[in-house]
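Please have the sequence and the model at hand as you read.

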Amino acid sequence: MNVRDPFNLRRSTAFNILRGTATQAAANVTQRVKEAGTQAYETGKQAVEDMSTFSVPRNVPSFTNPQRELENRVWGASGVTARSATHSNGVISGMQDRMGGFFDKSRGDLPMYKDKPYTYASSRRQRGIWRRKRTLGVAGVFLFAVLYFLGFFGSHTENVEKVKEKWTWLQGPEKAGSRVDWLDRRERVKEAFTLSWDAYDRYAWGFDEFHPVSKRGRQMAPKGMGWIIVDALDTMMLMNLTSRLTHAREWLSTKLDYEQDQEVNTFETTIRMLGGLLSAHYLSTTFPDMAPLKDDDEGAAGEDLYLEKAKDLADRIMGAFESPSGIPFASFNLKTLQGIPSHDDGGASSTAEAATLQLELKYLTKLTGETFYWEKAEKVIQIIDDNGMEDGLLPIYIYAHDGHFRGNNIRLGSRGDSYYEYLIKQYLQTSKEEPIYEELWNEALAGVRKHLVTYTKNTHLTIIGERQNGLQSPLTPKMDHLVCFMGGTIALGATGGLTEAAAKKLPTWTKKKDEEMRLARELTQTCWGMYKVMATGLAPEIAHFQIDDPPLPESAPHTAPKTFDDAGDGEWRSDYVLKPMDNHNLQRPETVESLFYMWRITGDVMYREWGWEMFKSFMEYSAVEEGGGFTSLSDANVIPPVVRDNMESFWLAETLKYFYLLFSPNDLLPLDEVVINTEAHPFPRFKLGPLFNTGWKRKPRGPDGKIIYEPAHVEGEMHPVATKTIGQMLPSP
């Protein structure tokens, strides 16, 4: 029984009429409140102008001073404001939250980083809106209270169920043995994208963040960065969403301006914004039939819009590279171009962030002929490699001031992940003409197999753990969801983007590549299990595992279950250790990314089926009422899940794109012709030609990857000497 509608009034025709009238009344109230706010603003503005001769008291507080903003955040964090998490329950409180958000000044907090743990945004103090229109305010509150009691608003679960009533394909199991129409399933993904995009367009257009439950947006810079819009451009092109792309392009042309006094993260700005613009340029010029726009046609006034914006942004990013060592600072100021050290971690940059800028800057060099982008990017890899770390595995922090690592924490999760991803992708980007990056990849993968790979205690699932205090420290059986990129990336490295069947016919195929493909399959299965083990079917941010002590080496015999049964007492479930603080789901793409690569490379339809199950779980448990699109979850291991009220830009840029590609024909973005950056933005492969070359060489090193020095003639100096090759580091079969 609905306790807010004990007499089932909502089901009557009369009530439907009443509800329709009340809806219009509520809309009128909202509009009048907005008009009142606007009128009050204009009146105040005129009053200030009229008081131009008035002597302002000396001690009037500044509401624009940065110190004032800091004080507001401290006050908000104290837990006594209306926006506090423990004091914002109920519909009326939610209304006040939305209205307060309407009148509040947008803050300039940095975005959530792709490879960092999620943190909640700061609270903000509320200003009342009822003072000048007290009667109207009381009437509005009373009206909404009555509607709430009658069940008009319903629960989150009830409203979501209404959204899903139209999705007949989501209801019940499919008929066994029926032929699967993968193009039809692809259309379902397209529908999910348009629902998400249209919700953003309706409630938060032009804002950098979108909170779909509260139906509001927020900027990360004074005039916005186009965070969501730019990140989603190439997805709309692939899906042929011409009208929506037109709207987005118009915003870029008329609103996007990087001349803002704002600190932004170097890595995120590069992979999302620069990557998104470069990918949009690539697709719009190479595939003119994808969402064709006249403004992109050759000879049109705006044909180079994406490239021009990309170059403008890249020139600003270059400021981050002006460090004593050449390692980029964690952030930079868009206007002053000044590089800014990290505010945490002792000022060190994260390894992944410093070494995941190369695909974008090298492609920009290819487009413009300006080699300094290329030189800055590859210099980073040289500095990293000159540290001579054991077996190609790196600590997750590196100082920009001297190019040396901070600490000994080694992992392939947050802050470490995409360094390894970009090694093999740099090799493929330049059509395998820079073998130095293949060598680095092979060395690192051998190190992963030697030091980080083990198997779970009960069912021998394959995991990649962490060495949190260096390679000689105990293995921690923890995997971020971010690590799940690794299965697909290993398969990509083994085959070069060809199908496995085609790659095996080449003379370069070896037993080692067979082993790598097995590892790729096993890791992808473990990541699929991270979804299956959760109540909603949506993976946690982090999973821990039961392993033997000491951990089994990669060479140990092991046989994992072929499938994961749905029974709640399946033995495989006991190998997953789920911690309440890790059960949030941020709409991440890494597992479906690997499913996409594994399907394209192996041709095993199982990966498509796993992807379809994952997609249905997203539709079932993350949909938002009132056409709000989809949200991330604070707890994905309870039903109904606890919503987080945030749509990540990579939900549109990566997760839904990879679902779409997974269900598409293989000739859409062939893997042997493109390279896809860590934000799922595709770039073309290209030849070096006469203008470009690898501008550095590795120092000779020993079988463990460390640089070996010989005594020099000058006391105190050491010189590197050549010893064994990297190939001797690979683990024996």
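This is a predicted model: local features need pLDDT of at least 70, side-chain atom pairs count only at pLDDT 80 or more; totals for chains, interfaces and linings use all residues.

Helix H22 covers residues 649–662 and has a kink of about 30 degrees. Inside the protein there are seven cavities of 30 Å³ or more, and the largest cavity holds about 80 Å³ of space.

**Helix H22**
- The kink of about 30 degrees is centred on leucine 656.
- H22 is mostly covered, with 14 of its 14 residues buried.

**Glutamate 268 in helix H10**
- Glutamate 268 sits in helix H10, which runs over residues 266–286.
- Its relative accessible area is 0%, so glutamate 268 counts as buried, the cut-off being under 20%.
- The side chain of glutamate 268 makes a polar contact of 2.7 Å with the side chain of arginine 272.

**The largest cavity**
- Residues lining the largest cavity include Ile384, Asp385, Tyr419, Leu440, Glu443, Arg698 and Arg701.
- Helix H14 (372–385), helix H15 (417–429) and helix H16 (435–451) each supply at least two residues of this lining.
- H16 gives the largest share, three residues.
- By class, the lining has seven nonpolar, one polar and four charged residues.

**Cis peptide bonds**
- Most peptide bonds are trans, and most residues other than glycine have a negative phi.
- The bond from aspartate 549 to proline 550 is cis, with omega near 5 degrees; proline 550 lies in the loop between strand S12 (542–545) and strand S13 (576–577).
- Isoleucine 639 and proline 640 are also joined by a cis peptide bond, with omega about -5 degrees, and proline 640 is found in the loop between strand S16 (633–635) and strand S17 (642–643).

- Glutamate 626 is not a glycine, yet its phi is positive, about 60 degrees.
- Glutamate 626 belongs to the loop between strand S14 (623–624) and strand S15 (629–630), and its relative accessibility of 47% makes it partly exposed.
- Leucine 669 also has a positive phi of about 60 degrees without being a glycine.
- Leucine 669 lies in the loop between H22 and strand S18 (674–676), where it is buried, with a relative accessible area of 3%.

Note on methods
Residues are numbered from 1 along each chain as its sequence is written. Side-chain values use heavy atoms; hydrogens and water are left out. Helices (H or I, at least four residues) and strands (E, at least two) are DSSP runs, numbered from the N terminus. The expected span of a helix is 1.5 Å times one less than its number of residues. The bend at a residue is the angle between axes fitted to the seven residues ending there and the seven starting there. Buried means under 20% relative accessible area, exposed over 50%, partly exposed in between (1.4 Å probe, protein chains only). A polar contact is a pair of N or O atoms within 3.5 Å; within protein, one must be able to donate a hydrogen and the other to accept it, and residues adjacent in sequence count only if both atoms are side-chain atoms. On a 1 Å grid over the protein atoms alone, a cavity is a set of points where a 1.4 Å probe fits but cannot get out, and a pocket is an open set with protein on both sides within 12 Å along at least five of seven lines; lining residues have an atom within 4 Å of a point. Grid points are joined across faces, edges and corners, and a volume is the space filled by probe spheres set on the points. Ala, Val, Leu, Ile, Met, Phe, Trp, Tyr, Cys and Pro count as nonpolar, Asp, Glu, Lys and Arg as charged, and the others, Gly among them, as polar.
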